[in-house]
Amino acid sequence: MSTTFGQSVTSDGDYSITRIAGMMGNHKRFYSMSKTVYNLMMGFYSWFLGIYVEHSSPRGRLPRNMISQSAILDITAHIAERGVVVGERSFVGPRAVILENSVIENDVIIGPGAIIGGKGFNCYRLPLLTIPGLSLGWVRISNGARIGCKACVDKGTRRGAETRIGKNCIVGDGVHVGHDVFLGEESVIEPGAMIAGHVVVGKQAFIGKNATISNSLKIGDTARVAAGSVVTKEVAPGSILSGNFAIDMKKHMGQYESVAKGESIERGNQT
Amino acid sequence: VNQLREEIRLSTVALAGTELLREGSFGSLGYLSDKRAQKLVFIETEDMANKITQDDTVSCAIVGSALADRMPPAIGVLVSSNPSATFFEVHNKLAAESHFYGDPFKSLIDPTANIHKSASIAENSVRIGRHCRIEANAVVGEGSVLEEAVSIGPGSVIGCGSRVCLRKDRIAHELTSTGGVLLRVHSEIRANCCVSRAVLGGDTILGEYTMLDNLVSVGESAKVGRRCLLAANCAIGSHTHVGDDVWIGPSAVLMENITVGHKAFVTIGSVVVGDVAEGQKVTGNFAVDHQKFVDFIKRIR
């Protein structure tokens with residue numbers, strides 16, 4: 001959609017709600033507005049579309065489940081009634097939950113208690129009202145990925161958007177993978193890490209235990225984020241970060257050493 | 001649920017090894033920081049003894065023999081060599097043997113509630129209101145009250161008995177959870193969250209339109225206000241009060257027993273150990289004012 005919201009509605013004369021959903025879905029263009037106006041607009045949009053989605057029962061239109069004969073699903077695992085694909089030789093552990101609009105490719109392992117395809121946490125805060133954003137997208141877990149126990153993978157927010165776990169990714173126990181996240185091939189997310197919405201993690205990147213990645217960031221290929229870091233800025237490919245907020249690991253260790261020696265931060269910085 | 005119905009005389013709970021110095025009666029058990037009327041507390045340190053003189057909500061106290069003479073004359077006093085252990089013993093005894101914390105009742109589930117077949121709802125003392133939605137593998141434990149249109153995501157556990165253990169003299173004293181969880185109208189909980197039951201009576205409360213993302217844990221007796229957003233992986237300590245319209249960022253931690261004001265903003269990865277003022281934005285481990293923290297980070301980055 002190259003045209004703006006107002007133009008395409010007037011010129012096409014197409015008021016179908018799904019079309020508006022598609023256009024509004026690409027909402028990053030509105031980021032330049034003031035936050036209040038943006039929240040107001042997106043909030044009421046989500047509200048109305050939410051009511052529409054609820055009453056039109058989109059579940060009825062979802063495709064039937066396609067579950068491979070060679071997939072192993074635990075008897076206590078819950079698979080949604082429609083809109084789930086489970087590929088060959090995939091394994092879904094006990095008490096795992098796979099909700100609508102989830103695609104699990106071949107040789108995937110979903111750990112016990114993992115929740116795949118939960119709603120994203122995109123909320124619009126208005127005075128006296130908080131409106132949850134929509135979760136119309138889906139989740140794709142590519143070949144050979146492993147999802148740990150009690151991990152949560154949210155689905156994409158706008159229509160057609162996906163949260164994708166790349167090939168041979170390892171997602172640890174208790175990890176939260178937010179809405180619209182893209183995890184590159186062979187990246188490793190250690191247990192307890194939290195990846196907020198719209199993050200792109202490069203190939204073979206490493207996110208340490210209990211690390212937190214703020215939303216809409218890019219983590220470069222083969223970058224390493226140390227355990228317990230809080231990343232708030234983009235991470236260049238191949239770099240190593242640590243700290244809360246995360247800075248270059250060498251700088252952080254310099255700071256840390258000066259603290260360990262009992263010097264003040266300023267003196268440690270000068271030397 | 002768990003309405004405190006009766007007042008208990010201090011002499012009826014005087015256990016072996018304790019000495020009743022002055023008779024009194026109490027309607028609830030609590031810590032000194034709890035805002036409860038007519039409560040029984042335990043006093044172990046000088047600091048606590050100083051606080052009790054200004055506190056008019058305390059009606060009885062369990063104290064060590066050294067501090068017994070410093071108690072105000074109006075309150076009942078029970079002297080024990082190990083006040084906190086006695087306090088918790090009294091609690092466990094009341095929970096097991098009396099109706100002090102209310103009687104269990106058969107769970108009331110509104111027919112319009114949408115409960116998944118794999119969800120587990122306790123048989124006793126649960127109240128589920130109209131249009132609630134409970135998804136797959138969720139667990140709703142005893143003492144939980146869900147008001148209207150509450151939504152609980154897959155795998156979440158509401159009203160888990162929080163095992164508060166007190167380590168004293170190398171013995172872990174385990175407490176029985178007797179309180180409940182109160183989820184107000186339209187509160188929403190996503191996947192794999194844990195909300196603990198209050199231990200010493202009362203409720204863990206989530207306010208109207210409050211939303212919890214995945215993997216959030218809320219400690220016992222924590223009170224979260226209206227329209228709060230608690231992002232993924234964050235943790236609220238027990239007895240913490242959170243005001244209205246608060247944002248708690250991803251992976252943030254609020255320690256026990258603190259107060260976060262209305263419209264406060266706790267950013268990503270913060271570890272909050274002290275009170276946060278109304279409208280304040282805090283960052284860092286440990287959390288300080290956001291602007292100060294950002295200036296510091298810019299200097300070392």
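Biologist: Are Arg190(B) and Glu188(B) buried or exposed?

Modeller: A residue counts as buried under 20% relative accessible area, exposed over 50% and partly exposed in between (1.4 Å probe, protein chains only). By that rule, Arg190(B) and Glu188(B) are both buried.

Biologist: What kind of model is this?

Modeller: Residues are numbered from 1 along each chain as its sequence is written, chains are lettered from A and ligands numbered from 1 in the order in which they are written, and side-chain values use heavy atoms, with hydrogens and water left out. Local features need pLDDT of at least 70, side-chain atom pairs count only at pLDDT 80 or more, and totals for chains, interfaces and linings use all residues, since the model is predicted.

Biologist: How far apart are the closest N and O atoms of Arg190(B) and Glu188(B)?

Modeller: These two form a salt bridge, meaning a side-chain nitrogen of Lys or Arg within 4 Å of a carboxyl oxygen of Asp or Glu. Their closest N and O atoms are separated by 3.0 Å.

Biologist: Which residues do salt bridges that share partners join into one network?

Modeller: The network is in chain A. One of its pairs is Glu162(A) with Arg164(A), where the closest N and O atoms are 2.8 Å apart.

Biologist: Where is Asp221(A), and which backbone nitrogen does its side chain reach?

Modeller: Asp221(A) sits in the chain A loop between β24 (218-219) and β25 (224-225); strands (E, at least two residues) and helices (H or I, at least four) are DSSP runs numbered from the N terminus. Contacts are heavy atoms within 4.5 Å. Leaving aside residues up to four places away in sequence, Asp221(A) touches Gly202(A), Lys203(A), Pro237(A) and Gly238(A). At 2.9 Å, its side chain reaches the backbone nitrogen of Lys203(A).

Biologist: What is the relative accessible area of Asp221(A)?

Modeller: Asp221(A) falls in the middle class, partly exposed. Its relative accessible area is 38%.

Biologist: What distance separates the end C-alpha atoms of helix α4 of chain A?

Modeller: The expected span is 1.5 Å times one less than the number of residues. Helix α4 (residues 249-261) has 13 residues and should therefore span 18 Å. Just after it, Gly262(A) takes a positive phi of about 90°.

Biologist: Which helix of chain A holds Phe48(A)?

Modeller: Phe48(A) is exposed, with a relative accessible area of 54%. Together with Leu40(A), Phe44(A), Trp47(A) and Ile51(A), Phe48(A) forms a nonpolar surface patch. Its place is in residues 35-56, helix α3.

Biologist: How many strands does chain A have?

Modeller: Of the 271 residues of chain A, 49% count as buried. Besides five helices, the chain has a strand count of 28.

Conventions: Polar contact = N/O pair within 3.5 Å; in protein donor to acceptor, adjacent residues only side chain to side chain. Patch = residues over 30% accessible without salt bridge, like charges linked within 9 Å, V, L, I, M, F, W, Y side chains within 5 Å. Areas by Shrake-Rupley, 256 points an atom, 1.4 Å probe, with all protein chains shown as cover.
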